[in-house]
Amino acid sequence: LRHPAAGAATADTRIVLIDSGNETVGFTVDRVLRVVKTAQAEVEPHPIVHAEEMNEAIRGVFRAGGALTILLDLDKLLDHNALAARPA
């Protein structure tokens with residue numbers, strides 16, 4: 001996601017596990033605020049501010065609990081070829 005390393009784990013640090021095809025992948029995250037279900041109809045395209053954002057791993061945005069929430073595109077996140085080609 002091109003974010004700097006979070007540093008040392010804290011009491012809020014979690015590992016989010018994703019089953020994709022025949023493998024399980026874990027993402028270390030600094031915290032999990034909430035887990036929500038949303039209908040596809042509630043997902044809106046994410047606003048594009050810069051052309052580089054067109055290829056970002058964002059599927060869209062939706063509102064939950066009064067907050068705008070980013071929905072990640074797991075297919076893009078887990079695309080090993082795209083990850084290898086992306087600059088660090």
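Me: Which residues make the nonpolar surface patch of about 260 Å²?

Reply: This is a predicted model, so local features need pLDDT of at least 70 and side-chain atom pairs count only at pLDDT 80 or more, while totals for chains, interfaces and linings use all residues. Residues are numbered from 1 along each chain as its sequence is written, and side-chain values use heavy atoms, with hydrogens and water left out. Patches take residues with over 30% relative accessible area and no salt bridge, joining like charges within 9 Å and nonpolar side chains (Val, Leu, Ile, Met, Phe, Trp, Tyr) within 5 Å; areas come from the Shrake-Rupley method with a 1.4 Å probe, and for residues only the protein chains shown count as cover. On that basis, the patch of about 260 Å² is made by Val16, Val32 and Val35.

Me: Is Val32 buried or exposed, or does it fall in between, and at what relative accessible area?

Reply: Val32 is in the loop between strand 2 (23-29) and strand 3 (58-64); helices (H or I, at least four residues) and strands (E, at least two) are DSSP runs, numbered from the N terminus. Buried means under 20% relative accessible area and exposed over 50%, with partly exposed in between (1.4 Å probe, protein chains only). Val32 is therefore partly exposed, with a relative accessible area of 41%.

Me: In what order do helices and strands follow one another along the sequence?

Reply: The protein has two helices and four strands. Read along the sequence, these elements follow the pattern β-β-β-β-α-α.

Me: How many bridges join strand 1 to strand 2?

Reply: Strands pair if DSSP finds at least two bridges between them. Strand 1 (residues 14-20) and strand 2 run antiparallel, with Arg14 partnered by Val29 and Ile18 by Val25. The number of bridges joining strand 1 to strand 2 is seven.

Me: Which residue in the turn between strand 1 and strand 2 has a positive phi?

Reply: Strand 1 and strand 2 form a hairpin with two residues between them. The turn residue with a positive phi, of about 60°, is Gly21.

Me: Which residue takes a positive phi in the hairpin of strand 3 and strand 4?

Reply: Strand 3 and strand 4 run antiparallel and are joined by six bridges. Val61 stands opposite Ile70 in strand 4. This hairpin has two residues between the strands, and the residue with a positive phi near 60° is Gly65.

Me: How many salt bridges are counted?

Reply: A salt bridge is a side-chain nitrogen of Lys or Arg within 4 Å of a carboxyl oxygen of Asp or Glu. Arg59 and Asp73 meet in one at 3.4 Å, N to O. This pair links distant parts of the chain, 14 residues apart, with Arg59 in strand 3 and Asp73 in the loop between strand 4 (67-72) and helix 1 (74-77). By the rule stated, the count comes to two.

Me: With which side chain does the side chain of Thr69 make a polar contact?

Reply: Thr69 lies in strand 4 and is buried, with a relative accessible area of 19%. Contact means heavy atoms within 4.5 Å; not counting residues up to four places away in sequence, Thr69 touches Arg34, Gly60, Val61, Phe62 and Ala64. A polar contact is a pair of N or O atoms within 3.5 Å; within protein, one must be able to donate a hydrogen and the other to accept it, and residues adjacent in sequence count only if both atoms are side-chain atoms. At 3.2 Å, the partner side chain is that of Arg34.

Me: How far apart in space are Ala41 and Phe62, C-alpha to C-alpha?

Reply: Ala41 is found in the loop between strand 2 and strand 3 and counts as exposed at 79% relative accessibility. Ala41 and Phe62 are 21 residues apart in sequence, and their C-alpha to C-alpha distance is 9.5 Å.

Me: What percentage of the residues of the protein count as buried?

Reply: The accessible surface of the protein comes to about 7,300 Å², of which 55% belongs to carbon and sulfur atoms. Of the 88 residues, the share that counts as buried is 16%.
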